[in-house]
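Here is a predicted model to work through. Keep the sequence and the coordinates at hand.

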Amino acid sequence: MKISDWGQRSNSQRSDSQRASISRRSFLGLAGTALAATALSGCAGTRFSPGGQAHQDDNTITWWSSHPGRSKPVEQELIRRFETDHPDLTVNLIDAGKNYEECAQKFNAALTGRTVPDIVMLSDVWWFNFALNEQITPIEDVASEVGLDTSTYVTSLYEDYAFNGKHFALPFARSTPLFFYNKDAWKRAGLPDRGPESWDEMDEWGPRLQTDRQKGHGWGNAVDYLSWTFEGPLWTKGGAYSKEWDFTFTSDETIAAVEWLKRTVSSDGYAAISQSLANDFSAGLYASVIASTGDLNGIVSNASFPVGTAALPNPRGTGGCPTGGAGLAIPAIISDKRKKNAATFINYITNTANTCFWSREVGYMPVRKDASADPEMKTFLDEHPNYQTAIDQLPHTRIQDPARVFVPGADQVIGGAFESILTNNADIRSTMKKVDKEISRAYETQIKPKMPS
C-alpha cells in the first residue's frame, strides 16, 4: 500500500527528531538489539475506551511535555495567559522526560494503567503508532465543538498528522534542520556569506574552514538527531531510508551516501561527530553544523561570534530538508469533557499571537498561516533574519521516509548505526544490512498487520 493511499500527504509535507538515548558502542551488540526491540514493541498496546480512565477533575488540564528547546518558562507563560482568559480552567504542566522519546515512553506506560494526561507532546517519530492503535483522539472529533478551525494551520504542518482520513495531533514545536555557520570563520576562509549550494561545494569549503582548533563541520551523534539531520544530505546524494514501505538502507545510492558521510570524518576529512552539537558550535569548535530550528535561540544567545543560517543544500530541487518537531495529541481514553478542554487549550496556545510568541522565544516555526502578518512577528523577523530561514525553507521540505518516522525506535537504530560507522569504523554495508533487517522485522510484526486494507 502506498502512503498516499491512506495518509494523503504531499511531497512538501511531513516531519525534530526525538533526542533518543542510545549507546553508540552497543548498536552491533545485544544491548542495541534489546533497545530496539523494547522501543519497537513499546507502542503496541491495547486499544482503549473512555470507561477505563480514573477520575480526574474535569476543570484541570494535565499537559505532559519534554520542554523542547529549554522552553519550560515559555510554556509556563502560555499557561498563565490561558488561565487569565479561562479562569474556570487550570493547567498542570508535568515534566514528562528530558526528550521526546522519554515523553512517549511514559505515555505508553501510562496507557497500561488508569491515569493519562489530557495533552501529550509527541514527536514526528512517535505519534503514528499511537494513532495506529487508536490511543489518541482524531482532532476532527473535537475541533468543531471548541471552535478550532484547522484550516488556519500551515497546511504542510497539519497534514503531517494525517492517517486514514483523519488527523491525530496539532502542530506546536515544529522545526526543520538548518545549516548554521560561523560568519567569522567564513570570512577568515574567504567564503561568500551564505550556506553551500550543494554538499559537493561544502566538500570544497570544508578544508578551507578547518584550523587546528576548529573543524569545518560538525555532525550530531545519535542523541543529537543524526538520523534526522542526515536525511536531507542523504536525499540529495540520491539515497533514502525507504520509498513508501520498500526499505532502501542497502541500495547502492544509500551506501554511497553513507560512504561520503564517513569520508567527511575520516583522518583527512573536515568534519567530526559532536557529543553536544549546539553547545560545541556556540563554543567555536565547529565552523558549521546542521541543527534544529529549535536550537536557534540558544545558539544565537550563546555564541560569541555572528551566526548565519541557511537552508540545507537542495541542488536537485526535489527537497533537501525534512520537517520535524512535535505536535500535541489528546489521549483517546479520557472523557469527552476533558477532550474539549484539552482542545480549547491547544487552540489557544497555538493561536496566531501565541505561536508567534513561542517562535520568537524558542526558535520553532509559527504554525498558523497568518503568523507572517502579525505586526510583532514582522518586526521581529526584519530585525532577526536568521529566524526567517526556516519559514522560507518550508515550501522546499520533503516528506520524511516512512522507515524513520513510522517504525517505532527506527530513529535510534539508524542514528546508532551511523554513529557506530563514524566513531567505531564499523563496516558500512554489513551495518546497514543489520538496520534493514531490524526495521523490516518491526514493520512486518508491529505495523503491517494493523494497516487499513
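The questions below go from the whole chain to single residues.

Q: What share of the residues of the protein chain counts as buried?
A: The protein chain of this predicted model comes to 20 helices and 16 strands. Its accessible surface is about 17000 Å², with 47% belonging to carbon and sulfur atoms. Of the 453 residues, the share that counts as buried is 61%.

Q: Are the rings of Phe230 and Trp260 stacked or edge-to-face?
A: The whole structure holds 35 aromatic pairs. In one of them, the ring centres of Phe230 and Trp260 are 6.5 Å apart. Planes under 30 degrees apart count as stacked. The planes here are at 15°, so the pair is stacked.

Q: How many residues apart are Phe230 and Trp260?
A: Phe230 is in the loop between α9 (226-229) and α10 (231-236). Trp260 is in helix α11 (residues 252-264). Both residues are buried. The pair links distant parts of the chain, 30 residues apart.

Q: What is the angle between the ring planes of Phe247 and Tyr443?
A: Phe247 and Tyr443 form an aromatic pair, 5.9 Å centre to centre. An edge-to-face pair needs planes over 60 degrees apart. This pair is edge-to-face, and the angle is 80°.

Q: Which helix holds Tyr443, the partner of Phe247 in the pair?
A: Phe247 and Tyr443 are both buried. Phe247 lies in strand β10 (residues 246-247). The pair ties together parts 196 residues apart in sequence, because Tyr443 lies in helix α20 (residues 428-447).

Q: Over the ring of which residue does the charged end of Lys106 sit?
A: Two charge-over-ring contacts can be read off here. Arg81 lies over the face of Phe357, 4.1 Å from the ring centre. The charged end of Lys106 is 4.7 Å from the centre of its ring, that of Trp64.

Q: Is His67 buried or exposed?
A: His67 is not a glycine, yet its phi is positive, about 55°. His67 sits in the loop between β1 (60-65) and α3 (72-85). Buried means under 20% relative accessible area. His67 has 13% relative accessibility, so it counts as buried.

Q: Is Asn425 buried or exposed?
A: Asn425 also has a positive phi, near 60°. Its place is the loop between α19 (410-424) and α20. Exposed means over 50%. Asn425 has 58% relative accessibility, so it counts as exposed.

Q: How many charged residues are in the lining of the largest cavity?
A: The largest cavity holds about 40 Å³ of space. Its lining includes Thr293, Leu296, Tyr364 and Met365. By class there are 6 nonpolar and 3 polar residues, and the charged ones number none.

Definitions and conventions. Residues are numbered from 1 along each chain as its sequence is written. This is a predicted model: local features need pLDDT of at least 70, side-chain atom pairs count only at pLDDT 80 or more; totals for chains, interfaces and linings use all residues. Side-chain values use heavy atoms; hydrogens and water are left out. On a 1 Å grid over the protein atoms alone, a cavity is a set of points where a 1.4 Å probe fits but cannot get out, and a pocket is an open set with protein on both sides within 12 Å along at least five of seven lines; lining residues have an atom within 4 Å of a point. Grid points are joined across faces, edges and corners, and a volume is the space filled by probe spheres set on the points. Ala, Val, Leu, Ile, Met, Phe, Trp, Tyr, Cys and Pro count as nonpolar, Asp, Glu, Lys and Arg as charged, and the others, Gly among them, as polar. Rings of Phe, Tyr and Trp (its six-membered ring) pair if their centres lie within 6.5 Å; planes under 30 degrees apart count as stacked, over 60 as edge-to-face and the rest as tilted. Helices (H or I, at least four residues) and strands (E, at least two) are DSSP runs, numbered from the N terminus. Buried means under 20% relative accessible area, exposed over 50%, partly exposed in between (1.4 Å probe, protein chains only). A charge sits over a ring if NZ of Lys or CZ of Arg is within 6 Å of the ring centre and within 35 degrees of the ring normal. Accessible areas come from the Shrake-Rupley method with a 1.4 Å probe; for residues, only the protein chains shown count as cover.
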